[in-house]
Amino acid sequence: RSFIIYTASSIIGSVLPLALLPIMTRYLSVEEYGIVATMTTLIAFFTPPLTWGVPGIVTVEHGRLDPDTFRQFVATALSVPLVSLLLMTLLAATAAPWVAPLLQIPAPWFAALPLIAGLAVLPQVLSAILRMNNRPISFGLVEVGQALATVLLSYAFVVSLNGHWQGRMWAYACAGGLTTLAALVWLASQGYLRRPAGAETL
């Protein structure tokens with residue numbers, strides 16, 4: 001049963017965004033759709049160097065460490081994407097005046113792309129922990145919830161508010177932000193964000 005829930009959740013989470021295709025092609029011009037495609041591709045490019053494989057490492061270490069040590073390990077591991085996020089955001093902001101015109105996207109949006117990509121870190125870590133703790137229902141809520149939020153917010157921003165391509169990107173960012181906030185609250189409540197013993201002496 002758990003395997004079915006994990007598989008179905010992943011499939012639904014991947015398929016739901018396809019519901020946006022008719023909306024995007026109807027309400028966005030060819031030029032706007034190209035901007036969205038370019039920016040989502042860049043987000044996908046920024047995501048791996050931001051996560052630094054932390055979700056995978058968390059999965060590996062879950063079975064090796066005792067629960068208390070594992071919680072401290074997660075808190076320490078999350079500092080790596082945080083530092084990477086700061087550096088990549090600074091780099092993107094510095095390069096934006098030159099790179100953004102070449103890609104035909106606004107410089108402020110290019111500078112913000114690492115921040116949007118960074119919103120994937122905590123939800124991915126949360127999904128890994130939930131899977132390792134054998135909590136398929138909670139895992140499904142995270143996977144499907146983020147995809148559903150993206151679809152609903154995109155409809156609201158692009159169709160209802162006539163937000164054009166900016167509305168689509170704001171929906172993407174807001175859905176990631178909501179999921180990140182939920183992951184942050186859950187991880188903190190379970191002790192995964194507490195400082196490791198002796199951290200105050202570093």
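## Basis of the description

Local features in this predicted model need pLDDT of at least 70, side-chain atom pairs count only at pLDDT 80 or more, and totals for chains, interfaces and linings use all residues. Residues are numbered from 1 along each chain as its sequence is written, and side-chain values use heavy atoms, with hydrogens and water left out.

## Nonpolar cores

A nonpolar core is a set of buried Ala, Val, Leu, Ile, Met, Phe, Trp, Tyr and Cys residues joined through side-chain atoms within 4.5 Å. Buried denotes under 20% relative accessible area, exposed over 50%, and partly exposed in between, with a 1.4 Å probe and protein chains only. The largest such core comprises 29 residues, and those with the most contacts inside it are Met 39, Phe 46, Ile 105, Phe 110, Leu 113, Trp 165 and Met 169. Two or more residues each come from helices H2 (20-27), H3 (30-51), H6 (79-103), H7 (107-118), H9 (136-160) and H10 (164-189). Helices (H or I, at least four residues) and strands (E, at least two) are DSSP runs, numbered from the N terminus. H3 is the greatest contributor to this core, with seven residues.

Contact means heavy atoms within 4.5 Å. Not counting residues up to four places away in sequence, Met 39 touches Ile 105, Trp 109, Leu 113, Trp 165 and Met 169. A second, separate core has 19 residues, including Val 125, Leu 130, Phe 139 and Val 142.

## Helices H3 and H7

The axes of H3 and H7 lie 8 Å apart, and the helices pack at an angle of about 55°. Axes are lines fitted to C-alpha atoms, for helices over the stretch in contact, and angles run from 0 to 180 degrees between N-to-C directions. H3 and H7 are therefore oblique to each other; angles under 35 degrees count as roughly parallel, over 145 as roughly antiparallel, 65 to 115 as roughly perpendicular and the rest as oblique.

On the H3 side, Met 39, Leu 42, Ile 43, Phe 46, Thr 47 and Leu 50 meet Trp 109, Phe 110, Leu 113, Pro 114, Ile 116, Ala 117 and Gly 118 of H7. By class, this contact has 11 nonpolar, two polar and no charged residues. Ala, Val, Leu, Ile, Met, Phe, Trp, Tyr, Cys and Pro count as nonpolar, Asp, Glu, Lys and Arg as charged, and the others, Gly among them, as polar. The buried residues of H7 pack against H3, H6, H8 and H10.

## Helices H2 and H9

The axes of H2 and H9 come within 11 Å and cross at roughly 15°, which makes H2 roughly parallel to H9. Leu 20, Ile 23, Met 24 and Tyr 27 of H2 form the contact with Thr 150, Val 151, Ser 154, Tyr 155, Val 158 and Val 159 of H9. Eight nonpolar, two polar and no charged residues take part.

Ile 129 is found in helix H8 and is buried, with a relative accessible area of 0%. Leaving aside neighbours within four places in sequence, Ile 129 is in contact with Val 58, Phe 70, Val 74, Trp 186, Leu 187 and Tyr 192.

Asn 133 lies in the loop between helix H8 (121-132) and H9. Asn 133 is partly exposed, with a relative accessible area of 31%. Not counting residues up to four places away in sequence, Asn 133 touches His 62 and Tyr 192.
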